[in-house]
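This report goes through a protein model for a reader who wants the criteria stated beside the values. The sequence and structure come next, followed by the terms and the findings.

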Amino acid sequence: MLIFNEWRYAVRQPLVWLCIIIPLIFAIMLSYGLATVEIDSLKQFKLNIIMLQMMQLPVLVGVLAPVIFLRDQHASMQELIYATQTSLFKRSLARVCLLICLVFIISLISDLVMIYMHVRQFGYIPNMVSFTVFNSFLVLLPNSCFLVVVAFFVCHKSANSLPNYVVFAVLWIGYIMLA
């Protein structure tokens, strides 16, 4: 029941809706704009998916983590929330699971938009779906879990959003350097 309440809270936040819409627009722009000289369209698709995930995942987690983890401190309601019967562990676990699900779903929807745009431009490639499933569950999900745990640690060490933004800006720049 707690996770559903957290989910209902999250979908009512305007920042969450922006974090749903902007990656979709970015996926469309990336699929149209990134044209390399690759003969193999599957290689082009793999490059686009990996670039999309590497560029959007740290930003998504960095922006959404303060909304999910620091909402009690931002609204000055932490004493009231801590007085409820729900333990800190259950509350924190529900918020971590919520952020993992939210980031994974947003990234997966962006991947599906990328598939649609790629199929529209180049036609269907048989290994495209299997690569997307493999990449989603063996690369995207563990990476999302790792970044959410880092965000959870940073948000619980500081009641301010700024350290979280700085850590994820550094991670994002590191991801771009690796790419």
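## Terms and basis

A residue is called buried when its relative accessible area is under 20%, exposed when over 50%, and partly exposed in between, with a 1.4 Å probe and protein chains only. The areas themselves come from the Shrake-Rupley method with a 1.4 Å probe, and for residues only the protein chains shown count as cover.

This is a predicted model, in which local features need pLDDT of at least 70 and side-chain atom pairs count only at pLDDT 80 or more, whereas totals for chains, interfaces and linings use all residues. Residues are numbered from 1 along each chain as its sequence is written, and side-chain values use heavy atoms, with hydrogens and water left out.

## Overall fold

The secondary structure comes to eight helices and zero strands, and along the sequence the pattern reads α-α-α-α-α-α-α-α. Here helices (H or I, at least four residues) and strands (E, at least two) are DSSP runs, numbered from the N terminus. Of the 179 residues of the protein, 37% count as buried.

In one of them the side chains of Glu 6 and Arg 71 meet, with an N to O distance of 3.1 Å. Glu 6 lies in helix α1 (residues 2-11) and Arg 71 in helix α4 (residues 71-74), so this pair ties together parts that are 65 residues apart in sequence. Both Glu 6 and Arg 71 are buried.

Glu 6 also forms a salt bridge with Arg 95, where the closest N and O atoms are 3.3 Å apart. Because Glu 6 lies in helix α1 and Arg 95 in helix α6 (residues 88-122), this second pair ties together parts that are 89 residues apart in sequence. Glu 6 counts as buried at 3% relative accessibility, and Arg 95 counts as buried at 5%.

## The largest pocket

Pockets are found on a 1 Å grid over the protein atoms alone: a cavity is a set of points where a 1.4 Å probe fits but cannot get out, a pocket is an open set with protein on both sides within 12 Å along at least five of seven lines, and lining residues have an atom within 4 Å of a point. Grid points are joined across faces, edges and corners, and a volume is the space filled by probe spheres set on the points. On these terms, about 220 Å³ of space lies in the largest pocket.

Which residues line the largest pocket? They are Leu 15, Leu 18, Cys 19, Ile 22, Pro 23, Phe 26, Met 55, Gln 56, Val 59, Leu 60, Val 63 and Trp 172. The elements that give two or more residues to this lining are α2 (14-33) and α3 (41-69), and α2 provides the largest share, six residues. By class, the lining of the largest pocket has eleven nonpolar, one polar and no charged residues, where Ala, Val, Leu, Ile, Met, Phe, Trp, Tyr, Cys and Pro count as nonpolar, Asp, Glu, Lys and Arg as charged, and the others, Gly among them, as polar.

## A nonpolar surface patch

Patches are made of residues with over 30% relative accessible area and no salt bridge, like charges being joined within 9 Å and nonpolar side chains (Val, Leu, Ile, Met, Phe, Trp, Tyr) within 5 Å. A nonpolar patch of about 750 Å² is made by Val 119, Tyr 124, Val 129, Val 133, Phe 134, Phe 137, Leu 138 and Val 139. Its largest share, six residues, comes from helix α7 (residues 128-157). Leu 138 is found in helix α7 and is exposed, with a relative accessible area of 55%.

The C-alpha atoms of Leu 147 and Leu 171, 24 residues apart along the chain, are separated by 9.3 Å.

In helix α3 lies Met 54, partly exposed at a relative accessible area of 21%, and its C-alpha atom is separated by 9.3 Å from that of Leu 140, 86 residues apart along the chain. Met 51 is found in helix α3 too and counts as partly exposed at 25% relative accessibility; the C-alpha atoms of Met 51 and Leu 30, 21 residues apart along the chain, are separated by 8.8 Å.

Notes: Salt bridge = Lys/Arg side-chain N within 4 Å of Asp/Glu carboxyl O.
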